[in-house]
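Look over the sequence and the model below. The briefing after them covers strands and a helix.

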Amino acid sequence: MSLAITVPSVFRTSPCPRAAESRTTDVSLSLPTAHFGRALRCSTIPNSSIVTGNRAGRLRSIRCLSALDPNLKATLDKVVTSQKIVLFMKGTKDFPQCGFSNTVVQILRSLNSPFETINILENEALRQGLKEYSSWPTFPQLYIDGEFFGGCDITVEAYKSGELQELLERTMCS
Amino acid sequence: MGVTKEQVESSLTSKLNPSHLGCGVVGMGLQGWGEDEEVIDDSGGCGAKFSIVIVAEQFEGKRLLERHRMVNGALVEEMKEIHALSITKAVTPEQWKQQQESEKSQAAA
């Protein structure tokens with residue numbers, strides 16, 4: 001079983017995220033946005049909001065995107081299958097920045113399952129895109145074997161019932 | 001501003017016709033509720049956190065993921081302003097009855 005991480009570097013979480021840094025509202029602009037920057041220009045954002053360079057305008061535009069960008073979708077298809085277990089969360093495995101994300105991390109840890117986490121706080125386009133990609137409005141979002149499994153409540157319930165352990169065992173052996 | 005408990009309840013009632021509905025509003029800064037997550041939320045407001053227990057016939061034959069999707073779907077407007085939604089229970093009337101009974105017998109034991 002190979003544990004090589006093939007997540008595109010644009011999604012990699014920085015090794016030492018500082019809370020103060022990621023809590024600024026500038027998240028979407030201070031990131032390496034080469035990929036998403038391009039993706040956004042291809043999308044349906046009105047030109048005016050980009051040329052003005054108005055940050056509030058841009059953030060609003062990102063939120064209003066109605067269709068998932070095909071480039072982002074293709075990338076996410078790859079990311080969710082890059083590992084057997086992929087968790088999109090607020091913060092990182094070692095520094096969760098939300099109680100719900102932390103709960104899922106603790107559950108996965110307790111089951112000794114190798115998993116990859118992606119910090120959605122570091123990329124606003126990713127964060128918004130994932131809500132559509134998964135048809136799920138909140139984070140964390142857990143993917144098992146390329147399939148959306150659920151958010152925190154579902155993961156907790158499946159853990160309590162033993163269903164999660166079973167699924168993970170099956171998945172890791174496949 | 002923000003979404004009230006009444007709005008959440010009325011949306012759920014009209015869309016999912018629950019036989020039992022419990023909707024709790026959890027205050028800000030409560031332990032164990034991911035109190036730090038609102039700080040960077042892009043809605044910029046100060047929304048409430050809701051915790052829901054819902055019993056509905058419509059959940060029959062649906063997986064938990066689908067049940068949660070139904071609740072999320074019923075609250076699509078409210079979700080824009082809700083910061084955290086916890087669906088503690090989404091069960092069918094049959095399951096609800098069983099759970100109530102097993103709780104009772106546990107309490108009696």
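The points below are grouped by topic.

This is a predicted model, in which local features need pLDDT of at least 70, side-chain atom pairs count only at pLDDT 80 or more, and totals for chains, interfaces and linings use all residues. Residues are numbered from 1 along each chain as its sequence is written, while chains are lettered from A and ligands numbered from 1 in the order in which they are written.

**Sheet in chain A**
- Chain A has an open sheet of 4 strands in the order β2-β1-β3-β4, with mixed pairing.
- Strands are DSSP runs of E with at least two residues, and helices are runs of H or I with at least four, numbered from the N terminus.
- Two strands pair if DSSP finds at least two bridges between them.
- β2 (116-119) and β4 (147-150) of chain A each have a single partner strand, so one side of each lacks a neighbour in the sheet.
- Strands β1 (residues 85-89) and β3 (residues 141-144) of chain A run antiparallel and are joined by 4 bridges.
- In this pairing, F88(A) is opposite Q141(A) of β3(A).

**Strand β2 of chain B**
- In strand β2 (residues 49-55) of chain B, 5 of the 7 residues are buried (20 or more other C-beta atoms within 10 Å of a residue's own, with C-beta atoms placed from the backbone).
- β2(B) pairs with strand β3 (residues 84-91) of chain B in the parallel sense over 7 bridges.
- I54(B) is opposite A90(B) in β3(B).

**Helix α7 of chain A**
- The buried residues of α7(A) include F100(A), V104(A) and L108(A).
- Just after α7(A), N112(A) has a positive phi of about 55°.

Terms used: Buried ≥ 20, exposed ≤ 12 C-beta atoms within 10 Å, placed from the backbone.
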